[in-house]
Amino acid sequence: MTTDHAFHLAEPARLSTNLVFSSPHSGREYPGELVERSRLGLLQLRASEDVLVDALFAAAPDHGAPLIAAKSPRAWLDVNRAPDELDPALIEGVRPRGLNQRVAAGLGVVPRVVSEGAAIYNGKISLVDAQTRIHSVHTPYHDALEGLLMRARDRFGAALLFDCHSMPTEALRAAPRINGKTPQIVLGDRFGAAAARSYIAETKVAFERAGFTVARNAPFAGGYITQRYGKPSRGLHAIQIEIDRGLYLDQARVEPNADFEEIQDLITGVIAELILLGRELDGLAAE
């Protein structure tokens with residue numbers, strides 16, 4: 001385990017696959033400065049956290065793939081945003097730069113609100129404060145993630161990133177039904193732009209074989225990380241995985257529910273299958 005001030009990196013004893021797993025929103029080391037300055041309590045701040053997603057995917061290194069996970073919480077700095085997605089409503093001295101729906105909603109690289117829409121601060125923060133967070137968290141996280149992907153591509157000819165997240169159950173209320181069922185897993189490949197068809201198709205099958213109801217690109221098609229690293233023409237593929245939090249979490253108390261270990265075991269089985277698929281599909285990745 002390598003621990004940087006911005007991330008944890010769990011490496012396999014032997015790198016044996018082109019897969020890389022990332023958990024950018026599971027960080028839970030809340031800076032005292034954030035807790036003191038915020039108008040919200042810690043439980044409310046955690047509304048934006050993909051609680052224990054890193055634990056759900058913790059078996060990846062045992063199967064030959066690295067797992068990188070953010071340490072800082074999303075409420076402090078969102079590594080799944082571009083570093084220039086600065087919110088003029090929150091950060092002093094920042095001017096509007098055209099319409100950006102994420103920034104307008106308060107969910108820029110330094111968030112103004114938690115995912116439930118509650119304001120984090122009473123006023124603004126300085127541009128220096130925002131830039132310091134970006135340099136100390138965002139930059140090292142992406143330097144490390146890019147390094148893992150370049151290593152995988154150099155060694156195996158192509159790299160496949162799984163960007164792992166969780167979604168509130170209520171976010172699925174309006175989601176399209178799959179054979180009459182609400183999706184439990186949403187896979188995002190930016191409508192085919194971020195990964196080869198073979199990768200997304202077999203990933204969907206792997207989750208379905210584990211018993212999950214799986215949707216593709218609705219209601220989540222992939223964020224900044226998927227867009228930045230999903231470049232199939234360059235041998236880089238990215239798929240965002242969203243898991244219904246209600247499957248494994250008491251969402252009100254932000255604690256594992258009685259099914260946590262069962263869901264973790266199912267995800268471990270999916271990882272094992274994806275590892276095999278990654279090896280088998282290397283030759284097809286450029287399709």
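Contact, as used in these legends, means heavy atoms within 4.5 Å. The structure is a predicted model, in which local features need pLDDT of at least 70 and side-chain atom pairs count only at pLDDT 80 or more, whereas totals for chains, interfaces and linings use all residues. Residues are numbered from 1 along each chain as its sequence is written, and side-chain values use heavy atoms, with hydrogens and water left out.

View 1. Helices (H or I, at least four residues) and strands (E, at least two) are DSSP runs, numbered from the N terminus. Arg 190 is partly exposed, with a relative accessible area of 29%; on this scale buried means under 20% relative accessible area, exposed over 50%, and partly exposed in between, with a 1.4 Å probe and protein chains only. Once its neighbours within four places in sequence are set aside, Arg 190 is in contact with Asn 217, Ala 221, Gly 222, Gly 223, Thr 226 and Gln 227. The side chain of Arg 190 reaches the backbone oxygen of Gly 222 at 2.7 Å, a polar contact in the sense of a pair of N or O atoms within 3.5 Å, where within protein one must be able to donate a hydrogen and the other to accept it, and where residues adjacent in sequence count only if both atoms are side-chain atoms. Between the C-alpha atoms of Arg 190 and Glu 261, which are 71 residues apart in sequence, the distance in space is 31 Å.

View 2. Most residues other than glycine have a negative phi, and most peptide bonds are trans. Asn 217, a residue other than glycine, has a positive phi near 70°, and with a relative accessible area of 7% it is buried. The side chain of Asn 217 reaches two backbone nitrogens, that of Arg 190 at 3.4 Å and that of Phe 191 at 3.5 Å. Beyond its neighbours within four places in sequence, Asn 217 is in contact with residues that include Val 186, Leu 187, Gly 188 and Asp 189.

**View 3. Leu 52, in the loop between α2 (42-45) and α3 (53-56).** Leu 52 is not a glycine, yet its phi is positive, at about 60°. With 18% relative accessibility, Leu 52 counts as buried.

**View 4. Strand β6 (residues 185-188), covered on both faces.** Ile 185 and Leu 187 on one side, and Val 186 and Gly 188 on the other, are all buried. Strands are taken to pair if DSSP finds at least two bridges between them. With β7 (residues 214-216), β6 pairs in the parallel sense over three bridges, and Val 186 has Ala 215 as its bridge partner in β7. With β8 (residues 236-244), β6 runs antiparallel, joined by four bridges, and here Ile 241 is the bridge partner of Leu 187. Together β6, helix α6 (residues 197-209) and β7 make a right-handed β-α-β unit, the crossover being right-handed if, with the strands pointing away from the viewer, the path from the first strand over the helix to the second runs clockwise.

**View 5. Strand β5 (residues 159-167), largely enclosed by the rest of the structure, since nine of its nine residues are buried.** In a regular strand the side chains alternate between the two faces of the sheet. One side of β5 carries Ala 159, Leu 161, Asp 163, His 165 and Met 167, the other Leu 160, Phe 162, Cys 164 and Ser 166, and all of these are buried. Strand β3 (residues 19-23) runs parallel to β5 and is joined to it by four bridges, with Val 20 standing opposite Leu 161. Nine bridges join β5 to β8, again in the parallel sense, and Leu 161 stands opposite Ala 238 in β8.

**View 6. The whole protein, with eight helices and ten strands.** The radius of gyration, taken over C-alpha atoms, is 18 Å, close to the 19 Å that the globule rule gives for 287 residues, so the protein is as compact as a globular protein of that length; the rule is 2.2 Å times the number of residues to the power 0.38. Of the 287 residues, 54% count as buried.
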